Amino acid sequence: MIGDVEVSRHGDVAVLTLRREAKLNALSTHLESRLLEAVRSVRDSRAVVITGGDRVFSAGADTSELTEMTPEAIAEYYRESGAVYEAVAALPQPTIAAIAGYCLGGGFELALAADLRVADETAVFGLPEVGMGILPSSGGVTRLVRAVGPARTRDLVLRCRRMSVTEAHSWGLVTETTPAGSHLSTALEIAGELAAQPPLAVSVAKQVITAATDASRETALLLEQLAYATLNRIG
């Protein structure tokens with residue numbers, strides 16, 4: 001246990017469980033700091049699952065902490081506990097968000113930072129920030145635009161509407177849907193499959209996919225070829 005984050009191992013798979021259930025796993029700076037510690041502690045695993053348990057993934061950031069911050073303090077926040085979202089995205093091994101219930105605001109941004117998302121039928125997604133006079137700022141807009149395009153991103157962000165797991169799956173935001181309560185077992189099954197693959201090939205392929213998102217076609221092809229040549233040489 002690292003603060004409000006439970007760390008467990010299932011073979012080569014690390015599971016990070018948010019344990020702030022009384023607050024619907026609201027992402028306070030304290031919880032973010034503990035999650036950042038936990039993320040750094042499992043770099044030796046072959047796959048990582050992040051979950052909020054059986055009832056809720058996360059109802060969002062604890063925005064009450066940020067409302068009185070100066071711009072300088074907010075910039076410092078992104079360098080410290082707010083860096084957890086990019087730390088998840090930067091993990092070399094594959095990551096899976098296992099989602100039930102609310103996955104809103106910062107919780108949705110955390111899930112988007114993972115490589116894959118498995119959600120049960122109770123999952124609800126949304127980004128309510130604009131309605132609060134702010135905007136998603138932990139990678140939510142950036143990742144959504146790349147995943148579903150600007151029109152659908154505007155629909156979700158500007159209207160602050162909530163999205164069912166069925167719609168999220170149809171948009172490609174959810175990798176796999178499950179019956180209620182089986183999100184974690186399904187995520188662990190997928191994580192086990194990923195952990196059984198050659199770890200260097202998985203890590204390099206993950207990095208090439210990420211880089212290709214922003215690269216030109218020519219650059220993306222070159223990255224593929226250089227990565228293949230390197231892996232072939234090592235193998």
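Colleague: What does Glu21 count as, and at what relative accessibility?

Modeller: This is a predicted model, where local features need pLDDT of at least 70, side-chain atom pairs count only at pLDDT 80 or more, and totals for chains, interfaces and linings use all residues. Residues are numbered from 1 along each chain as its sequence is written, and side-chain values use heavy atoms, leaving out hydrogens and water. Buried means under 20% relative accessible area, exposed over 50%, and partly exposed in between (1.4 Å probe, protein chains only). Glu21 therefore counts as partly exposed, at 31%.

Colleague: Which residue does Glu21 form a salt bridge with?

Modeller: A salt bridge here is a side-chain nitrogen of Lys or Arg within 4 Å of a carboxyl oxygen of Asp or Glu. The closest N and O atoms of the Glu21 pair are 3.0 Å apart.

Colleague: How many salt bridges does a search of the whole structure find?

Modeller: Another joins the side chains of Arg9 and Asp44, at 2.9 Å from N to O. Over the whole structure, the search finds 12.

Colleague: The Arg9 and Asp44 pair ties together two parts; how many residues apart in sequence are they?

Modeller: Helices (H or I, at least four residues) and strands (E, at least two) are DSSP runs, numbered from the N terminus. Arg9 is partly exposed, with a relative accessible area of 40%, while Asp44 counts as exposed at 60%. Arg9 lies in strand β1 (residues 5-10) and Asp44 in the loop between α1 and β3 (47-51), so the separation of the parts they tie together, in residues, is 35.

Colleague: Which residues do salt bridges that share partners join into one network?

Modeller: Start with Arg161, which forms a salt bridge with Glu167, their closest N and O atoms being 2.7 Å apart. Arg161 counts as buried at 17% relative accessibility, whereas Glu167 is partly exposed at 22%. Through shared partners, the network is made up of Asp155, Arg159, Arg161 and Glu167.

Colleague: Now the pockets: which element gives the most to the lining of the largest pocket?

Modeller: A pocket is an open set of points on a 1 Å grid over the protein atoms alone, where a 1.4 Å probe fits, with protein on both sides within 12 Å along at least five of seven lines; lining residues have an atom within 4 Å of a point. The lining of the largest pocket has 24 residues, and Ala114, Asp115, Ile209, Thr210 and Thr213 lie nearest its centre. At least two lining residues each come from α3 (84-90), α4 (106-113), β6 (116-120), α5 (140-148) and α9 (199-214). The element that gives the most, with seven residues, is α9.

Colleague: And in the second largest pocket, which element gives the most to the lining?

Modeller: This pocket is lined by 25 residues, and nearest its centre lie Ala61, Thr63, Leu66, Glu129 and Ile134. The elements that supply two or more of its lining residues are α2 (71-79) and α4. With three residues, the one that gives the most is α2.

Colleague: How many of the eight residues of α4 are buried?

Modeller: The list of buried residues in α4 runs through Gly106, Gly107, Phe108, Glu109, Leu110, Ala111, Leu112 and Ala113. This helix is largely enclosed by the rest of the structure, because the number of its eight residues that are buried is eight.

Colleague: What about backbone angles: what phi does Leu24 have?

Modeller: Most residues other than glycine have a negative phi. Leu24 lies in the loop between β2 (13-18) and α1 (29-41), and it counts as partly exposed at 30% relative accessibility. Although it is not a glycine, its phi is positive, at about 55 degrees.

Colleague: Where is Cys160 found?

Modeller: Cys160 is another residue with a positive phi, about 55 degrees, although it is not a glycine. At 24% relative accessibility, Cys160 counts as partly exposed. It is found in the loop between α6 (150-159) and β8 (162-164).
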